[in-house]
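Subject: Structure for your reading

Dear colleague,

Please find below the structure that I would like you to look at.

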Amino acid sequence: MTLTAPAPGATRRRRGDQHPWLTLLAWIVAIGVLMPLAFLALAATQAGWSSVAQVFFRRLTMTLLVDTVVMTVLVTMVAAFLGVAAAWILERTDVPFRRTLLVLLIIPAAIPDFIETFGWINLAPWLHGLFGSVFVLSLAVYPFVMLPVAASLRRIDHRHEEVAASLGTGRVGVILRVTIPAVRTAIAGGCLLVALQLLAEYGSFEMLGYRTFTTEIFTEFQVGFNTQIAAALCIVLVVMSALLVWGETVVGRGGRRAVASEVVAAPKLRLGPWRIVALGALVVLVVAAFGIPVLSIASLLISPGPAVLPSASLLGAVGYSLFYGVCAASLATIGAAAIALGSQRARSRLRRAPGTLALVPLAVPGVVVALALSYVAERYGGGRWYETSPLLIVGYAVMFLPLALIGIRSSLDQVPASLTEVAASLGSSRSAQLRRVILPLIAPGLGAAFALVFLSTITELTATLVMIPTGVATLATDFWTFQTNLSYGQAAPYAAAMIVLAAPPLVLLARLGQHRGEHHR
Amino acid sequence: MVLVASVAMLVASCSSSASSSKHLVVYSGQHPQTSAALVAAFERATGISVTVRSSDEAVLANQIKIEGSRSPADVFYAENSAPIESVASRGLLTTLPASILSRVPARVSSPKGYWVGVTARFSVMAYSTTHLKPSQLPSSVLELADPKWKGKIGIAPAETDFQPIVASVAKRYGTTRALHWLEGLKANAGSHIYPSNEELLAAIDRGGVDLGVINQYYWYRQAQQVGVRSMHSALATFAPGDPGFIESISGAGVLTASHDKAAAERFVAFLVSPQGQAIIARSSSFEYPLAAGISTPTGEPALSTLRPSPFTVAELGDGAIALALLQQAQLL
Amino acid sequence: MNALELSGVSKSFGDHVVLEQVDLVVSEGTIMALLGASGSGKTTLLRIMAGFEVVDAGTVTIGGVVVDDGTTAQAPERRRVGYVPQDGSLFPHLSVEKNVLFGLPRARRRRGAADGLLEQVGLAGLGGRRPDELSGGQRQRVALARALALDPRLILLDEPFGALDESMRAEVRDEVIGVLRALDATAILVTHDQDEALSVADRVAVLQHRSVVQEGPPEMLYEHPADPELAKFLGEANVLEGNRTGVRASTALGEVLLDDDCAGCSGPVRVVLRPEQLGIVEAGEGTPGTVVRHQYFGHDAMTHVATSGDLLLAVRHEPRRRLQPGDAVGITVLSPARAFEKDPKTPSE
């Protein structure tokens, strides 16, 4: 009746597992991403608890802690207010010129924070300290709250609001008690992004004269070159970031279930005469966040004033920026793809771990990554890789791989497991499944990841200043050199070049995001 | 045909002379206003191409220490003497020949001959002419810690230029008093802490702050940029011999790791040569050339009229004391 | 040689035992329905056949070759088993034609090579469309064509008609089954819908309590279920307590003729009567009862009648007259009933 010979090609298999090589690769990338940070922690502990404690409990550290927290809280609150208000006006009212306003309000996201600050300071040099920081940075970072909240408002089930209204809640009450809690996840996520950005920001605060942890780490690194102090401060920074990430998961929890199964457009609130007011408010925001900095830079381009420093090669800087951008984006995208494909669908927690571990650098400011890599290169690399292009590219890749990973993961999530199973039933080996089914379907995600890392690399300043090799200059470093010498006229073209180079990836990202939304329905 | 051939030969000879030896890497902590013209002139004069890595001198000093014998740098050109002295004390610089060292006074170069002083700069007060009259100015840098200056001064403690002043005060009055003085400065400055002397001067000039201590050349550079008439600030010196009125030296040396010491020495020699020093005098540097017989930069008081404190580079050493004091005062 | 044999198949996920000692034989050319409630493990069983899961114990043999014996298992891509998932799972980035030709070697993936298959499933000319331009039923048929393109030894369909609208369902079902019969394919169809299982399949296997409790032609399962629970599962069933003596049992409906010829059997039994085995008569005849609910379906009517002893009986009959709740009627038994011995250990209904 039955033959007892085993079937050809029979091996022990478990559903959903990727090729072991892929999983191994995922682990290698994840460890590679975490290693420098581990070493930095090691450096801090090697200093001995007493000297580290000395740094922790210095009055200056405490002052910096308070200052950093105060600034972060204030800016996050203002940015959240601006972001939620703008999102609500755009998505839920009949304000005119919605489409145009949406684009204009999002653009500041592509402009690096320090360029925004530069634009403002050129026109208003008296912007300084805490007030200046809160004012300028809120304008720079609110899009990161506005975007997710707007997307969330589009997707949530607005019928809850109708039910609340039918039960007698006033309009304002509905907004405060139903709408905003429903988009709580989006608000929390946006605030997290904003806060992490603020903790990592260096250039803006240098220009505004506000001392934070990151500016201090930088100063320690530059002036004292006391790795221990720098490493200890880094630990505080990372702990703060980790707390923020944890906080977001707690706060954002409730809102996730509110997504509607059918997307029925919510009715727009008719504003009547308030339309003008709403439009005016949004226009003011656009002008402040986008118009004024751009005009300021444009005015510098038109009349730059006398050259303070010998001019540098703009094209050369563009070349290097593009080069680093492409290399870092390629490395990060490939690494993130390896992690996503090698770990996301695995059944065991252990095999899925690389996906979570690789997200850690999100909470680590760029300067810390830069210091960590420099430290590793110095201590263990025999100084050979110190201040070299490959190390810098690795630094960018480590910093931005989490961004790439998030994009690729959500793209991969949308590929149902049944597709690869069906492909298997049709005779596709695992590598054929990858090649013919998975990769084509996550291609937009890969493209978005590339664009995002490219965009982030071109506009990166802090880590670049730490790790840039001799004789090399990127747009950001040349800009910074001119800026610190107060040669604003010479700095302006570099600022403008950064904005121009950042625009196409942003447009691409926006397009891909749109397409994904349409596909889903 | 002949023309093409001769041009080709010319190009070939140029490139061959360039490639046959010579390429230098200079780590420069000096402002580009000072170094750029010098480097360009050197390249023209000698045909040796130079790659400059410009960065903060403390960063560069540290980089040299880390890179050690593997460093690609040939020359270190520092803005202040402490960082280059710290590199020298690690044995990372070679001694310079007497022909180079004799071009400048002995007191401005490394006592052991590891580096040579190229330019001198002086720490002075910059004050807002709209807020202060010359009669209101302090005569000693110590007075700036007095409560009466609360909210009126600005400081740039992260500036490497500031460290020699701190070392000078510590040398004169001891570290305890220096620490108190720093703490007083910190209290008086409040939120007016700036990352660089450029920004400090800009703040003084627009009236955001009444007074600050900078190196004199910053003022002259800004005046050249915007025109003297647009400046709302002026310079003044402390009393002669006051520890706040010091001469700090910008020097250059050849690294032991240099792969072409001869060429590197030529570069350093060029810096203190009449040609090089004249370039400095004419440039937007506004630092004082140290070689004998070179004229003072336009608009600045002659070197002989200045009476700074006798604090020397030898006494400054590698500036470790200043760094420690700044950290103790929680300014760093 | 049988197309498929399962022997002693067991599968657990962690602590949760899904399948235990499942035995099943499917001969070639048969369309078998695998029927079970949600969560009964039928999809898992199907996935084991396809190779997406491996057994913990037991063997799976396809076409005479052991593909899974608990130690080693053949990968799905080598089994030549067609798989049609619940929603078709067409590749969204490929056209219909490319979808259908997906499993073929590159040399055979030419333009127009799918035309024959598409015509077979009634979708001629739609090769250039994309999956999101098709209706649910069309997608299902493309998925079938795609699986058939490889001339598989066995086709597995996971609730293929479950996601379709009621109106489409019968039509698509007929088409798909028609194609399978025309090709004399061996197919296993997983469903939770008894009507579907009974109407399309050559044989039905019922998955209950982690194993196959009965397998056979639909008529056999319906008319001779293995136990009262199965009887209820396959359709409406009235279960009465009774005491049998030979071929008769005394029940609340009086003496009922039983359908087996166990003349010597006696003792307490459960008697199963289908609604269509009972009849509604005028009050005064048969067993007295009161109408509790009357449902009119057009082609027939279902009346629920309460009799003495709190017994609620379902009666399916021609819709002669409109009955109202509260009407007094009589119930008659029209054909022999099935009797099941009462197992003292089985909890009573």
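This is a predicted model: local features need pLDDT of at least 70, side-chain atom pairs count only at pLDDT 80 or more; totals for chains, interfaces and linings use all residues.

Chain A

Chain A is built from 23 helices and one strand. Of its 521 residues, 57% are buried. Among contacts in chain A between residues at least 6 apart in sequence, 84% join residues at least 24 apart.

How the chains meet

Two pairs of chains touch, and the most contacts are found between chains A and C. Chain B and chain C do not touch, and their nearest C-alpha atoms lie 51 Å apart.

For chain A and chain C, the buried area is about 3000 Å², with 56% of it given by carbon and sulfur atoms. This contact draws on 32 residues from chain A and 37 residues from chain C. Five residue pairs are in polar contact between chain A and chain C. On the side of chain A that touches chain C, the elements giving two or more residues are strand E1 (10-11), helix H19 (417-425) and helix H20 (430-458). Sorted by class, that side of chain A has 15 nonpolar, nine polar and eight charged residues.

How many salt bridges are there between chain A and chain C? The count is one salt bridge. Arg47(C) forms this kind of pair with Glu421(A), and their closest N and O atoms are 2.5 Å apart.

Between chain A and chain B, about 3100 Å² is buried, 54% of it on carbon and sulfur atoms. Here chain A contributes 37 residues and chain B contributes 34 residues. The interface of chain A and chain B has zero salt bridges, but it does have five residue pairs in polar contact. The elements of chain A that give two or more residues to the side touching chain B are helix H3 (59-92), helix H11 (203-208), helix H12 (213-224) and helix H22 (475-484). The largest share of that side, six residues, comes from H12(A). The residues on this side of chain A divide into 15 nonpolar, 13 polar and nine charged.

A residue inside chain A

Thr457(A) is found in helix H20 of chain A. Is Thr457(A) buried or exposed? Thr457(A) has a relative accessible area of 3%, so it is buried. A polar atom of the Thr457(A) side chain lies 2.8 Å from the backbone oxygen of Val453(A). Leaving aside residues up to four places away in sequence, Thr457(A) touches Tyr324(A), Gly325(A), Ala328(A), Tyr396(A) and Phe400(A).

Salt bridges

Side chains of opposite charge can pair when their charged atoms come close. Over all chains, the structure holds 23 salt bridges. Three of those in chain C are described here.

Arg111(C) pairs with Glu97(C), the closest N and O atoms being 3.8 Å apart. Arg111(C) is in the loop between helix H2 (96-100) and helix H3 (115-120) of chain C, whereas Glu97(C) is in helix H2, and the two are 14 residues apart. Arg111(C) is exposed at 78% relative accessible area, while Glu97(C) is buried at 12%.

Arg203(C) and Glu215(C) meet in a salt bridge with an N to O distance of 2.6 Å. Arg203(C) belongs to strand E10 and Glu215(C) to strand E11 of chain C, twelve residues apart. Arg203(C) is partly exposed at 30% relative accessibility, and Glu215(C) is partly exposed at 24%.

Arg244(C) and Asp260(C) form a salt bridge at 2.9 Å, N to O. Arg244(C) lies in strand E12 and Asp260(C) in the loop between strand E14 and strand E15 of chain C, so the pair ties together parts that are 16 residues apart in sequence. Arg244(C) is buried at 7% relative accessible area, whereas Asp260(C) is partly exposed at 23% relative accessibility.

Finally, in chain B, a network of salt bridges links Glu79(B), Arg121(B), Asp161(B), Arg221(B) and Glu287(B).

With kind regards

Notes. Residues are numbered from 1 along each chain as its sequence is written. Chains are lettered from A and ligands numbered from 1 in the order in which they are written. Side-chain values use heavy atoms; hydrogens and water are left out. Contact means heavy atoms within 4.5 Å. Buried area is the accessible area (1.4 Å probe) that two parts lose on being put together, summed over both. A salt bridge is a side-chain nitrogen of Lys or Arg within 4 Å of a carboxyl oxygen of Asp or Glu. A polar contact is a pair of N or O atoms within 3.5 Å; within protein, one must be able to donate a hydrogen and the other to accept it, and residues adjacent in sequence count only if both atoms are side-chain atoms. Helices (H or I, at least four residues) and strands (E, at least two) are DSSP runs, numbered from the N terminus. Ala, Val, Leu, Ile, Met, Phe, Trp, Tyr, Cys and Pro count as nonpolar, Asp, Glu, Lys and Arg as charged, and the others, Gly among them, as polar. Buried means under 20% relative accessible area, exposed over 50%, partly exposed in between (1.4 Å probe, protein chains only).
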